[in-house]
Amino acid sequence: RARVAVLISGRGSNMAALLYASRLPDCPYEVVLVASNDPDAAGLALAKAERVPTFALSHKGMGRAEFDALIDAQLRAAGADYVALAGYMRLLSPEFIDKWGGRIVNIHPSLLPRYKGLDTHTRALEAGDRTVGCSVHEVTAELDDGPVLDQIEVAVLPGDTAETLAARVLIAEHQLYPRALANFVTRDRTPEAKLGRVREIATQLPGAE
Ligand code: GAR
């Protein structure tokens, strides 16, 4: 199974969704580490109770590249193949993204490309959107900008506030993330996917039609 490290900064409910899904039969990934930039993150206690190895270190007073190098060392020590950001509220350094490029995913509480950044539900309500949702995307150097892998739409109800919307979108997030991660780690592993990639590369070779 693919070895996934989950990075969190807080509650960790998406981390829990990923972890519990990994206990279902046929799940193609396992969670080998939960790491946090906030030693008080509630999700750390949950991971510990579930006997998942954890690493916690406050980023305060440390440069971004320096901090990310320490996280990188922990991921390598845990033998991680992939990184899943789950409410990790910190930008990653370009050095880190260079090392892990193509193997990092994130969940974001909006229908990207709409509402990158913070306060997504408030902004959607202010814009009068009738549908909101969540997205899982590949992480690149730009904030909330990599290719979208999957999304779930959620209807806005009369009387919704940013809080009620966040709670309902979170239910969708917990459905979306385990499946999107499973698809992401298996995309190059099935014979069909491999054949598709070979065909794709072949069409780009000089002399191809
Ligand atoms: C989730 O709603 C996640 O989509 C959001 O933070 C929450 C974390 O909750 N992430 C972002 O806003 C990233 N820009 P959790 O800690 O319970 O998973």
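Modeller: Happy to! A polar contact is a pair of N or O atoms within 3.5 Å; within protein, one must be able to donate a hydrogen and the other to accept it, and residues adjacent in sequence count only if both atoms are side-chain atoms. Here, a polar side-chain atom of S13 lies 2.6 Å from an oxygen atom of the ligand. The side chain of E173 has an N or O atom 2.7 Å from a ligand oxygen, and for H108 an N or O atom of the side chain is 3.5 Å from a ligand nitrogen.

Colleague: What should I know about the model and its numbering?

Modeller: This is a predicted model, so local features need pLDDT of at least 70 and side-chain atom pairs count only at pLDDT 80 or more, while totals for chains, interfaces and linings use all residues. Residues are numbered from 1 along each chain as its sequence is written, and side-chain values use heavy atoms, with hydrogens and water left out.

Colleague: Is H108 buried or exposed?

Modeller: Buried means under 20% relative accessible area, exposed over 50%, and partly exposed in between (1.4 Å probe, protein chains only). H108 has a relative accessible area of 4%, so H108 is buried.

Colleague: What does the record say about H108?

Modeller: An unreviewed UniProt entry annotates H108 as "active site". UniProt positions are given in the numbering used here, feature names are shortened, and annotations may be inferred rather than shown by experiment. The side chain of H108 also reaches the backbone oxygen of Y115 at 2.7 Å.

Colleague: Which residues have the most contacts inside the largest nonpolar core?

Modeller: In soluble globular proteins, nonpolar side chains tend to be buried together. A nonpolar core is a set of buried Ala, Val, Leu, Ile, Met, Phe, Trp, Tyr and Cys residues joined through side-chain atoms within 4.5 Å. The largest one has 37 residues, and those with the most contacts inside it are V6, I8, Y29, V34, A84, Y177 and L181.

Colleague: Are D119 and D144 buried or exposed?

Modeller: D119 is exposed, with a relative accessible area of 57%, whereas D144 is buried at 10%.
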